[in-house]
Amino acid sequence: MSDGRTHTLRAPRLSLVMLVLFVCLSIPILIFILVYNYQRNAAAMVSTLDEAVASTSQVSTESAENLIHPVGETIRLLAGMAGADPNYFRTEASADLLYRALTSAEQIDAAYVSFEDGYHRVVTRMDEDRRRSDPKIPATANWHSSYIDDFSAGQNRARHRTFFDTWGHVVGGYSVPSKLDIRVLEGYPQTKASRDLAVTEPSINPDTGYPILSIRYPILRNDEFIGAASVNITMDVLSRFLANHRASAHSTSLIADQSNGRIIASAVREQSVQPIDGKLTVATLDNVGDPNVRAAARIRRETGRGHFLFNSPVNGDEVSASFVKFPDSFGKPWQTIILTPTNDFIGNLKEANRKSVLVIIGLIAVELLLIYALSRRLSRPIEDISHELESVEALAFEASPIRGSNIKEIAHLQSAAALLRNSLRSFSSFVPLDVVRELIKSRTPLTLGVEQRYLTVFFSDLENFSSHAEQLAPNDLLSQLSVYFEQVSGAISQEHGTVDKFIGDGVMAFWGAPVPRPDHVLRGCTGALRAARRMERINERWEAEGRPKFGIRIGLHSANVLVGNVGSSERLNYTVMGDGVNVAARLEAANKTFGTTICISDSVVEAAGPDLVVRPLRKTRVKGREHEFMIYELLGLNGSNDPEIAVRGKDAKLSVMTRSASDAFERGDFTEASRLYRMILQDFPHDPVARSMLVACSSSGTLKTTVEAVLSTGS
């Protein structure tokens with residue numbers, strides 16, 4: 001009895017035995033499963049992280065190569081063309097070629113050619129940063145073209161800037177003295193010495209405040225170095241690529257120079273620059289604003305390892321660092337740096353693990369209570385025990401399956417090529433781009449053929465150009481002549497005219513083709529006024545500088561002419577022909593007789609009507625025509641506040657007074673006409689028209705004969 005009682009007292013309770021067995025068997029197994037799954041999943045995530053970092057490094061390297069290598073081919077082509085014909089780049093037509101080079105790739109910020117004699121021509125993009133940097137730049141400017149005179153200009157050497165909203169449409173410009181010597185800029189001496197491609201270190205663009213690279217290639221003529229063709233590459237494209245193609249949501253990607261630590265591009269654009277002593281400089285790995293980058297660079301320098309883990313100095317989180325050198329074939333000691341918080345890959349796994357531990361602890365607590373309660377029922381019949389055991393078995397819980405991270409970054413990296421869709425543009429035409437654009441819009445076929453159309457034809461010429469040509473040095477003559485051509489062609493383009501050709505010191509243009517314009521007559525008058533008044537301002541400047549003035553004479557006529565492609569099957573010229581063209585040329589020559597600037601025909605006055613302020617000069621007849629027509633001097637446009645085209649001072653009064661005098665002259669009342677022309681001289685003592693018409697009144701027919709002779713010969 002006592003033995004049985006002692007055995008009963010010593011025997012552990014079944015609930016305790018089951019509890020101990022459950023703890024000894026289930027808890028280690030659950031912990032093992034939890035740790036095993038965590039380690040395996042963590043290893044898989046880390047492997048995925050390594051693959052993502054490697055993929056990001058590879059595509060970053062490819063992006064950098066695609067940023068520079070295709071551009072090198074572009075400037076090689078530019079250098080070859082400049083070597084074949086250096087003088088071509090001293091003409092405005094070459095700006096179109098530079099524009100094509102500029103727009104061949106979005107990373108190109110500027111394209112230019114520079115010569116040993118100091119001459120420099122460049123075409124650049126205009127963005128908000130550049131527009132803010134210079135108040136003289138028009139707010140609508142999107143493109144910029146300029147050239148710097150060669151060193152022979154001496155103290156008069158200047159940078160001549162022109163701005164466009166769309167290429168070919170001028171919205172402003174100015175000239176400013178320049179002492180810039182491209183030959184001393186980084187990369188120029190290197191390409192001169194090596195006779196090969198030179199890529200500079202990154203530098204701060206003073207206009208935008210962000211880094212650029214310059215790529216230069218030598219211009220050789222007969223194996224002699226005469227200059228360099230260059231492009232500036234903005235790092236924005238590469239920075240945007242890095243920002244859009246991170247290894248993970250919170251990773252940091254950079255490209256830096258391994259030799260000096262300079263940051264070439266960063267996923268965070270602002271980290272590529274660093275203010276030092278109030279001046280923006282290219283940031284380095286040691287002074288960049290990101291503490292994680294500085295810490296990783298320090299560890300890399302101390303250990304020499306390319307891949308390692310470290311704790312962030314910002315929040316203590318574990319960060320994976322990867323430094324991958326660019327291939328030797330790239331030619332620059334660059335490296336890709338990728339910093340990735342490991343939580344981006346295994347953070348979800350850690351969170352799921354913590355939840356699993358809490359669930360398991362809860363389940364264990366519940367199961368312990370149930371087992372204890374069930375153990376107390378073991379004294380029941382075996383059936384009850386069996387039933388209870390079945391219930392216990394039914395109440396067993398399993399850990400929730402560990403959810404793996406849903407990684408989408410790899411899919412995103414596979415689509416990285418979508419950001420490089422812009423490829424090199426091929427340009428093979430040297431025809432001015434605005435003319436080609438208009439021809440395409442108008443669907444005019446590029447074959448021989450003309451059509452009759454009512455157009456406004458423009459001719460301009462310079463007074464006493466032969467004397468200037470004899471007296472001026474060739475370079476001085478070319479300099480002033482280039483300014484004249486630029487002003488006149490700019491005025492024509494601003495009013496959507498088509499510059500046909502330059503004839504010696506003359507300019508021929510027309511309005512209304514290739515694209516028909518219902519207001520072509522008024523556009524032509526506006527363009528003529530702009531050209532004349534711009535030359536007045538230029539002449540004032542030249543006179544102050546001690547240079548001779550270039551007086552401009554303009555003739556404008558509207559008529560039915562032939563317009564289209566003429567020439568041969570191998571070479572075409574889009575131009576106008578016909579009697580109306582001859583009349584416009586002879587009207588330009590008539591200015592010499594009357595001492596005027598802009599002579600227009602009655603057809604122009606009839607078409608533009610009240611918009612014009614004109615004064616009649618004299619009726620005359622052109623050789624080959626039966627009927628006389630009135631020649632007018634164009635003074636301005638009614639109702640305009642634009643100083644380039646508005647009516648000046650007493651010009652409206654002069655128009656009215658001249659009209660009265662002309663009416664008297666044309667009806668043969670020379671006495672009344674003389675009186676009225678003398679009245680004009682009282683208010684306008686230097687008026688050449690009144691003086692010439694007084695001579696005509698005293699000897700009627702002499703002036704008329706002279707004018708008709710000019711209109712017949714055009715001289």
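**Exercise 1.** Is Glu536 buried, partly exposed or exposed?

*Solution.* The model is predicted; local features need pLDDT of at least 70, side-chain atom pairs count only at pLDDT 80 or more, and totals for chains, interfaces and linings use all residues. Residues are numbered from 1 along each chain as its sequence is written, and side-chain values use heavy atoms, with hydrogens and water left out.

Step 1. Take the classes: buried is under 20% relative accessible area, exposed is over 50%, and partly exposed lies in between (1.4 Å probe, protein chains only).
Step 2. Glu536 has a relative accessible area of 33%, so Glu536 is partly exposed.

**Exercise 2.** Describe the salt bridge of Arg161 and state whether its residues are buried or exposed.

*Solution.* 
Step 1. The side chain of Arg161 meets that of Asp134 at 3.4 Å, N to O.
Step 2. Arg161 lies in strand β4 (residues 158-164), and Asp134 in the loop between α4 (128-133) and β3 (143-148), 27 residues apart.
Step 3. Both Arg161 and Asp134 are buried.

**Exercise 3.** Work out how helices α18 and α19 are oriented to each other.

*Solution.* 
Step 1. Helix α18 (residues 670-683) and helix α19 (residues 688-698) pack at about 160°, with axes 9 Å apart. Axes are lines fitted to C-alpha atoms, for helices over the stretch in contact, and angles run from 0 to 180 degrees between N-to-C directions.
Step 2. Angles over 145 degrees count as roughly antiparallel, and α18 and α19 are therefore roughly antiparallel.
Step 3. Contact (heavy atoms within 4.5 Å) involves residues including Phe670 and Tyr677 of α18 and Met693 and Leu694 of α19.

**Exercise 4.** How many salt bridges are counted?

*Solution.* 
Step 1. The count comes to 28 salt bridges.
Step 2. Some residues form a network of salt bridges, among them Glu495, Arg530 and Asp642.

Notes:
Helices (H or I, at least four residues) and strands (E, at least two) are DSSP runs, numbered from the N terminus. Angles under 35 degrees count as roughly parallel, over 145 as roughly antiparallel, 65 to 115 as roughly perpendicular and the rest as oblique. A salt bridge is a side-chain nitrogen of Lys or Arg within 4 Å of a carboxyl oxygen of Asp or Glu.
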